Amino acid sequence: MTSNITNLDGKRAGRYVGTAQRRIDGRLKVTGGAKYAGEFPTPGLTYGYVVSSEITHGKITRIDASAAEAVPGVIKVFTYKNRPKIASDDKKYQDQTAPPGSPMRPLGDEKIAYAGQPIALVVAETFELARHAATLVHIEYETKPHKTDLEAERSSSYEPKEKRSGIAPPPPPRGDADAAFAKAPVKFENEYRVAVEHHNPMEPHATTVVWHDDGKMTVYDKTQGVQNSQNYVTGIFGLKKDDVRVISPFVGGAFGSGLRPQYQLFLAVMAAMELKRSVRVVLTRDQMFTFTHRPDTIQTLGIGADKDGKLQAIRHDAVAETSTFEDYQEVVVNWSGLLYDCANTKLTYEIAKMNVYTPGDMRAPGATLGVYALEAAMDELAYATGVDPVELRLKNYAEKDQNEDKPFSSKELRACYRQGAERFGWSKRSAEPRSMREGRELIGWGMATGVWEAMMQETSARATLTAGGKLEVAAATADIGTGTYTIMAQIAADELGIPIDDVTVKIGDSSLPKAPVEGGSWAAASTGTAVKAACHKVREKLFNHARKVEGSPLANFGIDRVVFENGRISVSGDPSRFVTLADAMAATGEREISAEETTAPDPETKKKYSGYTHSAIFAEVRVDEELGVIRVTRIVDAVAAGKILNLKTARSQILGGVVFGIGMALHEESLMDKKLGRFMNHNIAEYHIPANADVHDIDVIFVDEQDDKASPIGVKGLGEIGIVGTAAAIANAIFHATGRRIRHLPITIDKVM
Ligand code: MOS
């Protein structure tokens, strides 16, 4: 059943929640005990190798796999010519996070819509044989002109007709932004660009399908949502839930790349069903550049203000690429109507079709781009008006969500500015660009604001307490490296007053209680609430039994008058009167007590309040004046995200987000060869990401923020907020250091020289 819990937290202070806890899965991960999708062994396994299109747009005119199939050990080569008919050829199926449109089904026909499109799967007895045979597949193409230059396609951009579920379109105009902009004493309008970025998690996308003799499958998939993958497989191949179990206990990084089922899942399942054998398909590193990516987006941002920096108008337009077959959308411009108090705003968002795979979610999708432009423009306003950047933001502080005309559920952004500035030493900054240096390095200090939605989704969880006093909590959620296992154990241990070592967490299995994909920073609030509710139910059941134990000192007390601590249920304020969990369990006469609960956000609260996380990021850069080398030597990120469940994993989340932001500011760049229409640097030798030497001091502050509305457990989520604003803070610091305003990220050496 669904219970809309308003507040389960009560007055009890937990022993684990709110403290720094080591990851309960940490040991497995560092010892190699944790298995990933491409590692699960199974007898008789076959290996699939994907052949990718060499052209960008057109069709296959001839495909000849005879040489490949003649290689001893090669089992079959699948192409569009012999692909088995599948259920979704007749029926449209879209996955949980699909944008509107017609999802690409691999090997569907001879048409090529983008470079790197999978066009054949070679299945062999060994990986090496499959890889070798893949080079022998002979393909001839007919090419058509391709569209891969957003600048050129800008003229054909359009407002998406069908909106992507969960993605708010831009709010309607407020006031008259054009008139206010025209009249504003201080104004400017600029274009901002961020390079296309590709996901490069350590673990590439992979699927191992274990074929069982009864025709059922166990599918090990790299995914952020096992039930999303399960529904995709059953929906596409016309199977029953019972036929397919998807398992993904560990994810070697994903951050959006694992939200949608990817083509290796399709191909592995297709081959397994046809061959009635187990099949593994692992994408190569360069094939990781053939699907989801942060979309190329051109942003134009205009700001009008009075001489003191009070905002009078904001205009923010974005045009983003999408594929020819789906209308991908993300929230890019809405932040400009939300983050600051401004009476006149006009925000537009359009997309343009190109010959690329459908772009996808990548850590703080939309906000990462839009808030970068806004915060870079705010910095320009600070210099144009001579107002200190922090002062400027305080002057324009938004007390309510103007896009939706609602109060915030909580907003401690002022505390973020204050505590961040203090820790950073912002007051010692000399405002003039190029005014701080040490040796041949110019020093720059910049700052920015970050913002992300605080979301919660309907989620189920089960808690089971055994006679031995061990507790198992389970939900079909994922841990993409963020710490889900650990926070679930913390919440569960506190609810029943047992040691964290007595809690086992089960996730990443489609047979567990229903959970959405782990994304959007909602997993902690959603799964955490469900785990707490399920454990609470076990607690109630157990208490009822404890009262009935012979001579129970709890007989005359209600559950609100007892505490669960150290494996005992005792009278509040009188620890000498207690019943042990073991005695209470014995009284049940059962081997275990189990409860499954489903929790969801309270619709009334959701209607009344806007929930967001906020941050203030301060960055120091040092720029070698002769070589142009930029180092981000110091970051202070002050974050307001409601209750922090685990100080250690929470800090790690922010560190990861900030490093992602450093990559966006200085390194990451998928370079499109416009002539060929394909990304040139499809490997991590040439696609640069921050290495250890690029990451220096990162100081994370969690400011106190009480919130009883964003989620019943007071949690707002931390997955995305670490990246939002970080690149802007760095770009702003580079301006302060060098006097150069660079509006195209990444800021590489050639741009500052
Ligand atoms: Mo994140 S882009 O919501 O996985």
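Reply: Let us begin with a single residue in this predicted model: alanine 492, leaving aside residues up to four places away in sequence, touches Ala463, Leu471, Val473, Val503, Val531 and Cys535.

Me: Which residues touch the most other members of the largest nonpolar core?

Reply: That core has 229 residues, and those touching the most other members are Val122, Val473 and Ala492. Because domain 1 (2-34 + 457-600) and domain 2 (382-455 + 611-753) both contribute residues to this core, it lies between them.

Me: What pLDDT does the chain average?

Reply: The average is 96, and 98% of the residues score at least 70. Residues 1-13, however, have a pLDDT below 50, although this stretch has 25 contacts in the model beyond near neighbours in sequence. For the complex, the predictor gives an ipTM of 0.97 and a pTM of 0.96.

Me: How should I read burial along a helix, and which residues of α6 are buried?

Reply: The general idea is that an α-helix has 3.6 residues a turn, so residues three or four places apart point the same way. In α6, the buried residues are Val226, Gln227, Asn228, Ser229, Gln230, Asn231, Tyr232, Val233 and Ile236. Since nine of its 12 residues are buried, α6 is largely enclosed by the rest of the structure; the elements covering these buried residues include β11 (217-221), β12 (244-247) and α7 (263-275).

Me: How does one read the two faces of a strand, and which residues of β13 lie on each side?

Reply: In a regular strand the side chains alternate between the two faces of the sheet. In strand β13 (residues 279-282), Val279 and Val281 lie on one side and Arg280 and Val282 on the other, and as all of them are buried, both faces are covered.

Me: In which sense, parallel or antiparallel, does β13 pair with β2, and in which sense with β10?

Reply: With strand β2 (residues 46-52) the pairing is parallel, over three bridges, and here threonine 46 has valine 279 of β13 as its bridge partner. With strand β10 (residues 206-211) the pairing is antiparallel, over four bridges, and threonine 208 stands opposite arginine 280 in β13.

Definitions and conventions: Residues are numbered from 1 along each chain as its sequence is written. This is a predicted model: local features need pLDDT of at least 70, side-chain atom pairs count only at pLDDT 80 or more; totals for chains, interfaces and linings use all residues. A nonpolar core is a set of buried Ala, Val, Leu, Ile, Met, Phe, Trp, Tyr and Cys residues joined through C-beta atoms within 7 Å. A residue is buried if 20 or more other C-beta atoms lie within 10 Å of its own, exposed if 12 or fewer, and partly exposed in between; C-beta atoms are placed from the backbone. Domain bounds come from an automatic or database domain assignment. Two residues are in contact if their C-beta atoms, placed from the backbone, lie within 7 Å. pLDDT is the predictor's confidence in each residue, from 0 to 100. Two strands pair if DSSP finds at least two bridges between them.
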